[in-house]
Structures are given as C-alpha cells and as structure tokens.
Amino acid sequence: MLGYYVRLALRSFSRNPGISALMVLAIALGIAVCVMTLTVFHAMSGNPIWWKSDRLYAVTMDNWDPNNAADKKHPELPPPLMTYKDARYVAASRVPMRKVIMYTVDATISGAGTAPLRTPTRATTGDFFAMFDAPFLYGGGWSAAAEDPPPPSIVLSRETNEKLFGGINSVGRVLRWNDQEFRVVGVLDDWFPRPRFYDLNGGSFSPPEDAYVPFAWGPALSLQSSGNTECWKPETINNEQDFLASDCVWIETWVELPDAATHERMQTVLDNYWAEQHRAGRFPRPRNNRLTDVGQWLRDMQVVDNDNRVLVGLAFAFLAVCLINTVGLLLAKFLNAAAITGVRRALGASRRQIFTQHLVEVAILAVLGAALGCLLAALGLAAVHHMYSAAHLGHRGGYQELTHFDTVGVAWAIVLAVVATLAAGLYPAWRVGRTPPAVYLKSQ
Amino acid sequence: MNLHLRPILSALLRNRTGAVLVAMQVAIALAVLVNALYIVTQRIEKMGRPTGMDVENIFVVQSAGFTAHYDLKSSIQQDLAWLRSLPGVIAATPSNAIPLSGGGSSQGLTIVPGDRTRDNSFGYYELDEQGLDALGLHLVAGRNFRHEEIEPPITVDDAGRFVGNVILSRAAAKELFGDQNPLGKPVYDTLKHQATVIGIVDPAMNSWVDNEHSDWVFYMPRLTSSLYGGVRYIVRARPGERDAMIRLAEAHLSTSNPDRVIHFVRPMTYFKDLSYLSDRSMGIYLLTVTGLMIAVTCLGIFALATFNVATRTKQIGTRRAVGARRADVVQYFLVENGMITSAGILAGCALALATGYYLSLQYSLPRLNLYYLVGGVLVLWAVGQLAAWQPARRAAAVSPSVATRTV
Amino acid sequence: MLKMQEISKIYRTDLIETYALRQFSLEVSAGEFVAVTGPSGSGKTTFLNVAGLLEDFESGSYQLDGTDVRALSDDARSRLRNQRIGFIFQSFNLIPDLNVQDNVEVPLRYRGLAAADRRERIDSALELVGLASRARHMPAQLSGGQQQRVAIARAIAGDPAFLLADEPTGNLDSLMARQVMDLLEQINDMGTTILLVTHDPELARRAQRNVHLIDGQISDFRAYEPRAAASGGADAVGAALA
C-alpha cells in the first residue's frame, strides 16, 4: 500500500507542481534559517571539555572597590581574574588535585633559523596540559613542581612548530624566546577548544596561543599581560614589586577538584584566606569566593551573546511562519482535491487510509524540504563564514570558527524538517480524512 | 461605495481555517518586522556615529623589540622620522592603543582630587604633537600639544606618573565639567596627580564601540609607555595613498631594525569593521530573514486568495451574471483579503508590543518606538493587498457564462 | 440483504433543521433492481448516501447483509463499502489524473488484493463494459458515455453485492443513456442488486420496483412486471409506509 501512496503523492505533485514547489521551498527556507542559527548557537554554547567540566573550577575572589562592583551589570560576580598575590596563594595550596595560574604575553621567538616570529604565549603552570587535556604530538610539558626558578622550557603549538621547524620532532631544540634561551620540551597536536573556556578575555573563540612557558618567567622578565589587566585601587606603582603586590587583577586561576569533599575543602581554604586578608584590610567587599565549574563559567562570562538568543527566537518565528504557511497550502491543496477523495471514500477507502495517503504525501514534501533546507543552510553558513573570514583577513579564530556544518547538524536538520513538516501536515491530512464524502459526490 | 462587509465576513467565517492561518502568519510577520526594523535601525545608527577620525586614510603599524639591544626611544625616533618623510603621509604619531579596535587603556579622572563618588572611566591615548593630525581629530577649542611638551615614556620605576597637559573630547569635558569652560582647568588621575586641560576635540571615540560612553576620551602628550617594548604608530596618509603607504611601510620597517619584529601594518578600517562586525552581521541576518518571512507570508496570502477564487468560480460567474462588474469582483476579494490581513495585523500589534517589551526586559534593548509599529502595519497591509491583487484580477476574468454551465 | 427501518436523517444549520429522511423504511432483497424516484429535494440523494454508508443517520436501523451498520467503526464501514457496494454517479467522478485501468483499480487497491488478482479483475470488468482497448486512456480522452462505462467497470470490478447508481444517465444523451441502462440491466441479470436513484420516470420504469420519495418519505411504490427472464425479481418484498 505504501508504494501506492507514494505513486499517488507523485501524481499529486505533478498535478500542482507550482504549489508543491512552493511548499518545499517554504519548508526548506524555514529549515535552513533554523539550522544555520542553531549551528552557530550550538557551537557558541558548546562545552568543549564536557567530559570533565564538573571537575574543573575557575577560582575567583571579589577584591574589588567597596563602592563599585567589578562588573556593574552583574554586581554579584567577582572580577573574572585574580591578583598575583591571591593566585599564588591558590597555586601553593595542596588541596586541589591540579591547579593552574596563567596569563598571556606577547613574545617574539628568534634563533630558530627563521625570521623573528611574533609568538603570543601563555605563561602557565605545569598542570595546564594534563588539566585541560591538551594533546601532545611530541614530548610533554614541564614538571609542576619545578617553578622556582622556572626551567627554560617551552611547549610549541603544532602550527608554530611547523613555522619554526618544518613540523619535525623539535623536542630538545634550543631557541630564543624574548631573547632568552629556551629548550623545546613538547609540541602540541591540533587543539582548539571552542569556546576557549579557560581564558575568555581575548574573544571567546580565539585560538589557543602559539607557545607555552612556565608561569614564573612572566614576572621574572617583567612581562605585562597582553590580555586584560584591571585595577580599581589608587595605588602608586613604581616598580614590578609594587605591581605584583597591587590589587590589579590579570591572572586566570583554575583548580581540578575530583570530588565533593575536595570541593568543600577548597572552598574552606579560600574562605579562611579571605578572612585572614580581610582582617589585614584587604577584600573590602562582602565575602564572595567562588569555585565555578566550566558550564556555569561559560554562562557567567556570557559566551552566548544576546544577539544570538534573539536570532534563535527569530529563526523559530520564521520556521513557525513557514510551517503555518505549509499547513495553509496543504489544506488548500487537499481540500481542492476533496471531490477525488470523496470518490475514494465511496470506493471503500477508510478515513485512516485517506489520512495515511495524505501523510505520505506530506512526508515526501518534508524529506525534499529537509534536503533543500540542508543545502541552503550549508550555502548560508558558507556565506557567513566568508563574511567573517573576509573581515578577519584570513586569521583564525572568531565567529567563522562557529560556522562549520557537521554531519550531526545535517542529521538534526533532517529530523527537524521531517518532524516539523509532519506536524504541520497532521491537521490537513486529518481534516481531509474527516471531510464527509457525500458532499463532493453530487457535484453539479 | 458599498463594500458589503457583512456578507463577505459571514462567508469568511464559514470557511475560516485558511483565513486564520494566514492571519497568524501576518501577525508573526508584523511582530518580527517591527522589532527587527527597530533593532536594525539602532545598529545602523550605532555604526554611523561620527568617530571624529579620518578612519579611511589611517593605517596602523605595530612592532615589538625583542632583544636586549633594542632601544624603544631611538627606535621610535627613527621610525617616525622615516614615516614622516614619506610624501604620501600627512602625519604620524606613536600611540599606546588603536582607537575603535576593542583594545586599549582607560582610567578614571576627577576635577576634585581623590573624589571617589563618580565611577567614570575614560579611554586614553598617548600621542605626540602630530597625534591629533594623525588621527584627523578636529580641535574645537584650545590648542594642540607642542613638541617640547611631549613627555618621555613611563618606565617600571615611575609607572604612576601622569602628564602636565591633556586634551579632552567634548563628551569627556561635559562629563567632568558640565557646562563650564574646561580650558585651563585642572583634572586629576586616581592618584591625585594634576594635569591641565589645554584643548577640546569633537567628535571623538575611544577603543570600545560597544561601550555606553565610547565618546569619553582624553589624550596625553607622552611617548607610548608600553612596558614590553611594543609600540604602535598611527599614520594618516593622503587620500588615495593609504594602501601604497602600507606596502612601503611593511617593506621598510620589517628590515630597518633587526632587534624588533613588525606585528602588522593594517588600515584602521580593519579594526573598525572588526569591532562592528557583529552589529553588521546581525543587521544583515535580521533583514534577510525578515524579508524572507514577509515573502513567505505574501505567498500564503496569495495561495489562500487563489484557492478562494478557484473554489468559487461558479459563484463568481453567478455574481457576474446577475450584474456585478469586474471591479466589484476585484473589490470583493480585496476586501476579503483586507479583513483577514487586518485581523492578523490586530493580533500582530499585540504580539509586536509584547515581543518588544520582552526584548527590552530580557536584553535591555530600548523600548519599541511606536512609529515602527505604524510603519509595519502599513507595510503589511500594502503587501497583503498586493499579494491578493493577481488572484482578484483572475476572479474578475471569470466569465458570467460559468453560471449556466454544468460540470 | 438491505433493510432500513424508520430511518431519520436531519440536516442542521444554525437556523433550521431539515428532515432529509423521515421515518424511512425499505427492504431490498438480493438480485432486485429498485428505482428510487422523486422530485429534487425529496431525499433521494440522502437515501443513497445513507444506503452507501457515506452518511450517518439520526435514528432508525439499517442492516446490510444482516449486519447492523450503525454500530460499525469507520474502518469496518469502509471495508463493507469496499467489498459489498459499488457506486455510479451522475458526473461519473472518475479521477482525472488516473488512466482508465488505474481508475478501475482504486477499490481493488483499498481491498489489498495482489497485483495479479487486480489485473484479472480490471481486465474482465473493462471487457464487460466494452472498453478493454481503452485501458490506458485518460478520462478526458473519452466521451461521456465511455466515462460512465469506466465508472461502471470500477463499480463492479470488486464484485459488489449491490450497485448504487445516482442519476447515472443524467449527463448523457439518449443513445448513450440507453447503452448505460442496458449495461446495468445486464449486470443485474448476472445477480447484482441495483438501486437506481433518478427523477426520470422513463428510466424508473426499467426497474422491477419503483419507490417514490416525497419530503423524505415513501409516498408510493409500485412493483413493475418482472422483466423477461429476470431471475430474482419475483419474490420482491415490499417496503412499507411508516
């Protein structure tokens, strides 16, 4: 019987090719807009380290101005970065399983036999790679214990290793980083968590840095952060020591807490430290020491911006209009052929058979709409990608990283289209099945 | 003119599903159209704000020294001398940051030393005597920095040092001094160091286009105080010469000093476009989807009208046979369509206002301006009538003889 | 085989109720050829729709082959209609975008017959109506009489127990009308019960029995002389006035 219904549907399309094409187009447009928007939204709201996101916590403490919150729009949040002093305290704690304090610096690599290369670098502690599951192509990181004095070790990104050493295993090679001698200890494999959850300051979708050096090199060489440095307190800063002792925040701090007990102990560590510092005159605001897991961190930092939420709403409104349109067209089309349906009913077709027959017709439209919708969405995403790439002059990072249309996206698009259109087709198919056949038989 | 509203209405009510569906589309389309247009206009206004700068003709060079031999001060002198010697260059200045780029520094200023009641923050730029000229800024009061006023870069040992003179943007001056004349008056940094206001520029913008007060700016006469050896030059080329100058600068500066590396030489439009990219793409996306939505709604109106005409051929013929003119038939269908569209528009107005209210609450957008609602209503009404026009004409072409024909 | 007792059918609008059938009773036995006549608006078509299980009724009972149809679900009624009843309409009601054989196939499809079986029935039905050579024509390529013969082939292809014909000659000229009536008589002779609804007394005269409807009630019925060699007409059972 299914084959018969399919044949009838195809005949029905050839009877009204125009209206059928319009329906497919309407469904396809609705699907395309939805899929495009959701692809970007999904990429934005993704959790790139979901498998351990409930073990990783950003550490923040509110050291800000007693009169003004760090973020006036969200006064409940501490500043997202920490002072040198507080970060060092967390880094010295033995409670967390792993801990990382870090910031970014703008550096130049020379002495590798190539032209001097501008190398944005992350100054970070040794747990970084294991904590964030950064994959190594060659070698490894440096020991978390060896911080003072810091070893002259450097880890390169795969891309940087290709630029400097043509992609060979460069572990053991010596190069000059900001005119200091460093030894390559590891080369990362391709790694691009989107969003870059562990540091959302320089744009949520920026690629990771080109190199990694032990954190202590930053202060040792008086390297300023190339990310954000925020100060609220009028303090005279006349040298590096003044700066390190100041209430300026510039360091990202993360801890790995494997279980609830550790989490509780870590919270106590922070609270005790806060109380001690508070007595000494610091932390003028109410106590607000936070351990924030990755999911909440991405929400707190508003990785998904309001524009995108508006666009998701718009996409669904558009899909609704397309589907209502389809319901209307289907209804008109089906009722237009009600006389024929009446004949079929008189010849013994049950309501259910009529309903199924029309639903098969709808399903074919849905599949065609989904296919065309996916194609349009892919084209649309390519256009958006092009728009962003052009603006970025070929640089990696930013929104164009969000426009990849993957197989999961295609699958969802098809499911969305078929479910939505079938839902839209249910009423017309039901309605035409309910139409009393007698009315249409006595025509003229 | 007798529009026969009642019989049309009762005919409509007897066959209402199609009409209700079209009215729903009209309602959603109106709500989206009104709010989308409102958001888009705001973005266009935002992108069109005057920057006060000659954005089209400016390019930016960023470099960083990386060896112990590198001397920031002499490097800046050499680079500037070379840049200024180019015939295609109007002016060049070192700067700590690039306006409109999203990156830069800001700090609080007060007119009473140590006043902590106002939490304001002004983007600032360290420029030399060619600074205003290099940015293309317009001095509306006071004077520019003089060569001898340009202070040396701050170092790790005197990082808290302020400057003797500053130039304010008019908006910054208004924030600090209200309606008083700020020229010659003192301002203080957070450490209570004093500087004198010597000039006012207008308009002006700082680095952050999304900032509520992106026109709060001040300029300091000082060589850039970047502590990690990096320096940025802002260079203004003669109209039409920018791209040639960029190529020249790239070629020369990347080899002129082996102790530093050139990060980039880019037109200022690059940074401006990047900063407004999300606004621009939001606008394009909103307009595209809204346009498509109206097209789809049109299609729905057209299809319903066509269906109504097709199923009433006989009735139309009968009307014609009993004396209705073509114009009467066209009018019948346009009035019918008008009723459906109007019902949708009525619901759409409520939906539009509710959406606008929700957006203003949820995303702190400003409340919907009612002019947009009126405009949206007119647009949808006109679009609805246009979409029904062709089917109505087709109805008018029905011959009166159908009435007498069987089968 | 068909037994209607005190059936009433009411059409309601917002303002008025119209009795289309009022306490209507009729019995038809297997093999009969019954004509139902009456002026327009007398309830002929309603009777046909009720008899053909296309419409419900408000009160009374209707038994088809001993089954009370009132209690049946839509599925069961459809099956009954499909297997026991054939329809012939005034305006033929062929499906315009199906060719002749596909039109004849429609009821067989809904019966779920195998392809070979369908094929056989289509061929023999078209053979009977004399249109075997037109199997691949589209309805629009046929004359009115031919179209009605296709409709008859479609109605009998499933071997129904009785045929419901609604003014089958109303859209045809007299020559074609005669051919169609001859065909119906031929089918009746083969044992199929026929209910013919018409306003034309001339056609009605060709039936064995005539039921005359006025205002939804039987006003009169006459048993005609059985046609020569009619097999099942002699034991006609009368329909009673309510």
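Predicted model: local features only at pLDDT ≥ 70, side-chain atom pairs only at ≥ 80, totals over all residues.
The average pLDDT of chain C is 84, and 90% of its residues score at least 70. For the complex, the predictor gives an ipTM of 0.86 and a pTM of 0.83.

**Basis**
- Local features need pLDDT of at least 70 and side-chain atom pairs count only at pLDDT 80 or more, while totals for chains, interfaces and linings use all residues.
- Residues are numbered from 1 along each chain as its sequence is written, and chains are lettered from A and ligands numbered from 1 in the order in which they are written.

**Contact of chains A and B**
- Chain B gives 51 residues to the contact and chain A gives 46.
- On the side of chain B that touches chain A, two or more residues come from each of α2 (16-47), β11 (260-267), α7 (268-275) and α8 (277-311) of chain B; helices (H or I, at least four residues) and strands (E, at least two) are DSSP runs, numbered from the N terminus.
- α8(B) supplies the largest share of that side, 17 residues.

**Strand β1 of chain B**
- Seven of the eight residues of β1(B), residues 58-65, are buried (20 or more other C-beta atoms within 10 Å of a residue's own, C-beta atoms being placed from the backbone).
- β1(B) pairs (at least two DSSP bridges) antiparallel with β10(B), residues 230-237, over seven bridges, and Val60(B) stands opposite Ile234(B).
- β1(B) also runs antiparallel to β11(B), joined by seven bridges, with Ala64(B) opposite Val261(B).

Methods
pLDDT = per-residue confidence, 0-100. Contact = placed C-beta atoms within 7 Å. Buried ≥ 20, exposed ≤ 12 C-beta atoms within 10 Å, placed from the backbone.
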